[in-house]
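Visitor: I have a structure open here and would like to go through it with you. Could we begin with how angles between helices are defined?

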Protein chains: 2
Amino acid sequence: MSTTSEHVATQDLLQPLQPPKRYLFGPGPTMVDPRVYRALSKPIVGHLDPYFIQVMQDVQELLKPVYGIQNGSTLVISGTGSAGMEAAVANFVEPGSKFAVFANGYFSDRLSEMAKRNGANIGRFEKAWGETFSDAEAADFIRREKPSVVGYVHAETSTGALQPGHAICAAAHDAGALVIGDCVTSLGGLPVEFDKTGIDIAYSCTQKGLSCPPGLSPLALSQRAMDWLRARTTLSRSWYLDLKLIHDYSTVSHRYHHTAPISMFHALREALMVIAEEGIEKRFERHRRAHRFFVKEIESMSLSMHVPEAHRIPTLNTVSVPKGVDDAKVRKRLLEGPGIEIAGGFGPLAGKVFRIGLMGPLATEENVRFFLQEFSKALKAEGYQS
Amino acid sequence: MSTTSEHVATQDLLQPLQPPKRYLFGPGPTMVDPRVYRALSKPIVGHLDPYFIQVMQDVQELLKPVYGIQNGSTLVISGTGSAGMEAAVANFVEPGSKFAVFANGYFSDRLSEMAKRNGANIGRFEKAWGETFSDAEAADFIRREKPSVVGYVHAETSTGALQPGHAICAAAHDAGALVIGDCVTSLGGLPVEFDKTGIDIAYSCTQKGLSCPPGLSPLALSQRAMDWLRARTTLSRSWYLDLKLIHDYSTVSHRYHHTAPISMFHALREALMVIAEEGIEKRFERHRRAHRFFVKEIESMSLSMHVPEAHRIPTLNTVSVPKGVDDAKVRKRLLEGPGIEIAGGFGPLAGKVFRIGLMGPLATEENVRFFLQEFSKALKAEGYQS
């Protein structure tokens, strides 16, 4: 039998798909291993096929060491990291409940916004973009707010600041609250330590630390979160992201809920295999080494980091834009010249920082050198004198 | 520079990804052109890269002739067809508003369920699975219900019945209501005629009539729907599916909303190119021819179709399971032998129908012959004597 369609006419309006070669040094998406692209292009099977059910289960297992979860469940949402965030909120933040959020960047604001749309009362602890919360501040805020659910962002993509979760989780559990931890930029590139930290609901994406194209959102759920969810009597406002139904489809009865993005699961499985083969601890150490080397070189160029040393995300560096330099022009030069993508700041950090990712295949001294050579040239061309 | 990760240890728990070869004759996912798989494996660029913005715009343009829309907008949701359904409901069905639904199958029940979760009052016109609504019945129901939004399923995947939308849309507009039309199983395989029918909000998937892997949901919105949306003062319960934000990202300012599934957009663009090259009218006629041939052959095997001739979906055939035959055993035999996937019925049609898709590359006489030869063998092996 033939499964190739006939092409009876040429379409002259559109050019064939030919994406330009990019070096993705931004906050994500980042570079993808060729093995993962090969997995993406494997022929699909049905979403209820025994082979695909096995692929979903493999992905769930492979995610566990990356999240650092042994007690609880992993599952994958058929949407991007933002869908994972909405799944966390829509399933665990009930209308009328109190949601306390540590607000120090764009993504914690997004968490607030989603909680508002789910009918929650929001308590916000606000700090400037790039700052973090001390253990004592965190405990104090939670004691004061008496929330049902607490939200924080582990690695804040908009600022480059890393927020430890231990004190937040301990205080929240003392108050009888569940904790949602945004791990979009941390998962796969640095330790999340889900169990050890005490997170109840974590979500992430595929296109940052996991080195896979965007399109899925891996979640981790503590036993406490699962028990709470099973006992919830009101319906989540989202059917598409209803974790009771998705958990049943993906891990229990395998009863149809929606048609999962088969090819993206193929890619994610392969990306997780690449990580497993490298070894998760070795991978984290490789990212830390690349980060230290990057910072040393940046400082030797008389540039400075936006976030204090103790609170930096190793995989996402925010470098302050030097005085007199137009960051947009530097970024344009990098993209149009060597094809390097980095990001600028936005919101309160617009024009003030470059956001430079060193994730997955890019987290090597060799690739940092390649980047800095081009970055330095672009800065000089835009008038920077180190 | 090198972008390939080192593989320092072998992962011995898991086998390499090697999906079995399947002939996807079910209701979807269906067969994908090799060109589309090649597009999937192209290296990605960033989600704000000028190249990707162009890809999104190409996809929007290529969708227009497939939907039959000239006045209004097309855009693509970063989730599966069910996410498209939830986007339609969460954006256009406000809490407290009246939602009237034509309920004759599983997917209209899902529409009801989503509307309930969005706080609507639901009016249901129920019929048995496989039946359809006459023009007079449709108009009468809408006059009686006085809804703000009307929902119907164009091609009901659970039953094989096709519901024309002209009378529904005319009556809804007379009543000042918007119309949501589920085109998940129709788009790309048969005419949707969005403008001509008068639909306001249509959604679909990629893995059926568009012959692409699952993972995205293409939407069409009338000018009336866009105007209504712009005037809406309450917030949609979903941030991820907020069409004001998504429309702005994908067609107006290109301001960041979420990281779109780049590779899936590459695939969808290529799938739409394949359709444009064949010619949409030729494609529809090819599907009709394959369907007529299929029905003729099925009847010559003394089997019968579940849906009356006038109301059949040409791309999704529901064949009644003959007395004494266990449909699950037939399906298992097809999957494990020649690797053919078809689906069974569920809900009130469990055990009563086979659901056989003839979509995209499979909609040819040659492929119908191949399928029926294997189907006939499997039926005989399970005791059927024609």
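Guide: Axes are lines fitted to C-alpha atoms, for helices over the stretch in contact, and angles run from 0 to 180 degrees between N-to-C directions. Please keep in mind that this is a predicted model.

Visitor: At what angle do the axes of helix 11 and helix 13 of chain B cross?

Guide: They cross at roughly 30°, and the axes come within 9 Å. Helix 11 of chain B spans residues 280-300.

Visitor: Why are these two helices of chain B called roughly parallel?

Guide: Angles under 35 degrees count as roughly parallel. Helix 11 and helix 13 of chain B are therefore placed in that class. Helix 11 of chain B passes helix 13 of chain B in a right-handed crossing.

Visitor: Which residues meet there?

Guide: From helix 11 of chain B come B:Ala290, B:Phe293, B:Phe294 and B:Glu297. They meet B:Glu365, B:Val368 and B:Leu372 in helix 13 of chain B. By class, the contact has five nonpolar, no polar and two charged residues.

Visitor: And helix 12 of chain B, how does its axis cross that of helix 13 of chain B?

Guide: The axes of helix 12 (residues 327-336) and helix 13 (residues 365-381) of chain B come within 9 Å and cross at roughly 130°. These two helices of chain B are therefore oblique to each other. Here too there is a right-handed crossing, with helix 12 of chain B passing helix 13 of chain B.

Visitor: What makes that contact?

Guide: Helix 12 of chain B contributes B:Val330, B:Arg333 and B:Leu334. Helix 13 of chain B contributes B:Glu374, B:Phe375, B:Ala378, B:Leu379 and B:Ala381. Six of the contact residues of helix 12 with helix 13 of chain B are nonpolar, none is polar and two are charged.

Visitor: Changing topic: in what order do the strands of the chain A sheet lie?

Guide: Seven strands of chain A form an open sheet in the order 2-10-9-8-5-3-4, with mixed pairing. Strand 2 (73-77) and strand 4 (121-126) of chain A are the edge strands, each pairing on one side only. From one strand to the next, the twist averages 20°.

Visitor: In which sense do strand 8 and strand 9 of chain A pair, parallel or antiparallel?

Guide: Strand 8 (residues 178-182) and strand 9 (residues 201-203) of chain A pair in the parallel sense over three bridges. A:Gly181 has A:Ala202 in strand 9 of chain A as its bridge partner.

Visitor: Which strands of chain A does helix 2 of chain A lie across?

Guide: Helix 2 (residues 50-67) of chain A lies across strand 2, strand 9 and strand 10 (217-221) of chain A. The helix runs at about 115° to strand 2 of chain A. Helix 5 (residues 135-145) of chain A also packs on the sheet, touching strand 3 (98-103), strand 4 and strand 5 (149-153) of chain A.

Visitor: How many residues of each chain are in contact?

Guide: 82 residues of chain A are in contact with 83 residues of chain B. Helix 10 of chain A gives the most to the side of chain A that touches chain B, with 11 residues. That side of chain A divides into 36 nonpolar, 27 polar and 19 charged residues.

Visitor: Why do the copies meet through the same surface?

Guide: They do so because 100% of the interface residues of chain A are also interface residues in chain B.

Key: Residues are numbered from 1 along each chain as its sequence is written. Chains are lettered from A and ligands numbered from 1 in the order in which they are written. This is a predicted model: local features need pLDDT of at least 70, side-chain atom pairs count only at pLDDT 80 or more; totals for chains, interfaces and linings use all residues. Helices (H or I, at least four residues) and strands (E, at least two) are DSSP runs, numbered from the N terminus. Angles under 35 degrees count as roughly parallel, over 145 as roughly antiparallel, 65 to 115 as roughly perpendicular and the rest as oblique. A crossing is left-handed if the near helix is turned anticlockwise from the far one by less than a right angle, and right-handed if clockwise. Two residues are in contact if their C-beta atoms, placed from the backbone, lie within 7 Å. Ala, Val, Leu, Ile, Met, Phe, Trp, Tyr, Cys and Pro count as nonpolar, Asp, Glu, Lys and Arg as charged, and the others, Gly among them, as polar. Two strands pair if DSSP finds at least two bridges between them.
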